[in-house]
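Please examine the sequence and the three-dimensional structure shown below. The report that follows describes selected parts of the fold in turn.

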Amino acid sequence: MYDPADPALRVNPWPFYQRLRDEAPVLLTTPTAADAEDFYVLSRYDDVAMALRDKKRFSSHIRRGDFLDLPIMVNRDAPDHTRLRRITNRALGPRVLGPLTEWVQQVVDGLVGELLGMPQVEFVEQFTTALPLRVVGGMLGVPLERKAEIQRWSEAALELAAVVGGTDPDLVPGFFEDFMALVDFIDVLATERVGCPHRGDILSDLVSREAAGEVSHDEVVGLGWNYIAAGQDTTMNLIGGGMHMLLTDPLLAERLTAEPENTDDFMEEYLRLHSPTQFVLRRVNEDVELHGVVMPAGSFVHLLVGSANRDPRMFPDPDVFDLDRPNSGEHLAFGAGAHFCPGTALGRLIAGLAFRALYPHLSRLSLDPERPPRLRTRPGAYGIEHMGLLVSHDTPALAH
Ligand code: HEM
């Protein structure tokens, strides 16, 4: 039985994934919610990569019954997807990021400074939540006074995706109200910009595209909340989980502090092992046969990205973190094919600058035994949701 909402499976899915890959690479399973449909589960690297890249046979247009048909690009096929994707590539692409790097560095330095000034800190709340929200929210033009609510709302958007995927809504109480609060929040901000001078942010840009007839108002709002929700918990997990690894592996911390140019390899290998997005959803457009099993046209499919990334057929000794792994960059944590994450460069920029800023201070930071790291057990992104750190303020002894 595969139940992606099972808290035990969410914390340690790896042995189960191995059994799936070896014994049932195409598993037909029954969801826990009574009104949700049966679905297939693919767990091997080659199969997941094939399905992600084959947009002809594997559709991204998913809804549960007659509801929850979200007007966002991750839930659309061509031609709508192509149109929204072009706009997104421009909003988040390298041409935008180059000039933003200095500002992101300032945001990172500000947060590191705040962190080092405290005796102890809830790292997820103070740092990993705050950083992507300040950057992506700042790019979008979102005022951050309500940051705790925005964080809760963006988690709700991922919980909603889990419900569309078959999770029992009772397991995520309040998700729909929180999700609608996020939609309303973005709607108000977008509506405020209608007919006003461009404010130099992504929302203004989207609103002018709406005026030019390129996108509908619902799509503007959908793109806006989608950027927040898609960028938040994913980037948070990379920073929080990566930091946990640095604080528990002194040799790794030493090596990266001495060779910060290996930060990209560190992030790729971390994402391979601990993909924030453990699975994505697809629906087959026609009968698809795989390993002797026919998934009939219309079937719903979970692609287990988190399992594909630990498939020994692709990555030898897959459960081992190896900074020098030659092919770690081939992981599927950012997806692949038409829906390959358009926030990849931004996520890497934010997390990369954060790690580089933190390396010189690692010797002053340690895990707080009173508030040990805790993985999220509610459906949504995989990752650390609480992690207390102690910050040492001892002055180093002067050398004689
Ligand atoms: C470590 C950070 C991140 C990870 C691991 C990640 C992961 C993913 C994955 C797996 C997909 C593919 C979904 C699918 O195929 O169904 C995706 C799509 C997407 N991501 Fe990311 N993401 C990250 C950061 C970001 C950031 C920072 C943003 C924007 C601010 C973003 C925006 C999006 C959007 C808009 C899509 C939909 C793309 C489409 O449908 O064409 N992501 N992401």
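## An open sheet

What is the order of the strands in the open sheet of 3 strands? The order is β4-β12-β9, and the pairing is antiparallel. At the edges stand β4 (120–122) and β9 (365–367), each of which pairs on one side only. From one strand to the next, the twist averages 30 degrees; axes are lines fitted to C-alpha atoms, for helices over the stretch in contact, and angles run from 0 to 180 degrees between N-to-C directions.

The model is predicted, so local features need pLDDT of at least 70 and side-chain atom pairs count only at pLDDT 80 or more, while totals for chains, interfaces and linings use all residues. Residues are numbered from 1 along each chain as its sequence is written. Helices (H or I, at least four residues) and strands (E, at least two) are DSSP runs, numbered from the N terminus. Two strands pair if DSSP finds at least two bridges between them. Strand β12 (residues 388–391) and β4 are joined in the antiparallel sense over 3 bridges. Within this pairing, Glu122 has Gly388 of β12 as its bridge partner.

Is strand β5 (residues 280–284) mostly covered or mostly uncovered? It is mostly covered, as 4 of its 5 residues are buried. A residue is buried if 20 or more other C-beta atoms lie within 10 Å of its own, exposed if 12 or fewer, and partly exposed in between, with C-beta atoms placed from the backbone.

Strand β3 (residues 58–59) pairs with β5 in the antiparallel sense over 2 bridges, and Ser59 stands opposite Arg283 in β5. Strand β8 (residues 300–303) also runs antiparallel to β5, and 4 bridges join the two. Here Arg282 has Val301 of β8 as its bridge partner.

Helix α3 (residues 45–53) has the buried residues Tyr45, Asp47, Val48, Ala49, Ala51 and Leu52. These pack against several elements, including β3, β5 and β8. Two residues are in contact if their C-beta atoms, placed from the backbone, lie within 7 Å.

A nonpolar core is a set of buried Ala, Val, Leu, Ile, Met, Phe, Trp, Tyr and Cys residues joined through C-beta atoms within 7 Å. The largest such core has 110 residues, of which Val48, Ala157 and Leu303 touch the most other members. Helix α11 (residues 217–248) gives the most to this core, with 13 residues. Among the residues that Leu303 touches are Val48, Ala51 and Leu52.

## The shell around the ligand

Which residues come nearest to the ligand? Of the 27 residues around the ligand, they are Gly231, Gly335, Cys341, Gly343 and Gly347. A residue is near a molecule or strand if its C-beta atom, placed from the backbone, lies within 6 Å of it. Helices α4 (80–92), α11 and α15 (344–358) each supply at least two residues of the shell, and α11 gives the most, with 7 residues.

## Two individual residues

Ala230 lies in helix α11. It counts as buried because it has 25 C-beta neighbours inside 10 Å. Ala230 and Pro342 are 112 residues apart in sequence and 10.0 Å apart in space, C-alpha to C-alpha.

Lys55 lies in the loop between α3 and β3. It counts as partly exposed because it has 17 C-beta neighbours inside 10 Å. Among the residues in contact with Lys55 are Asp77 and Gly337.

Methods:
Lists of a residue's contacts leave out its neighbours within four places in sequence.
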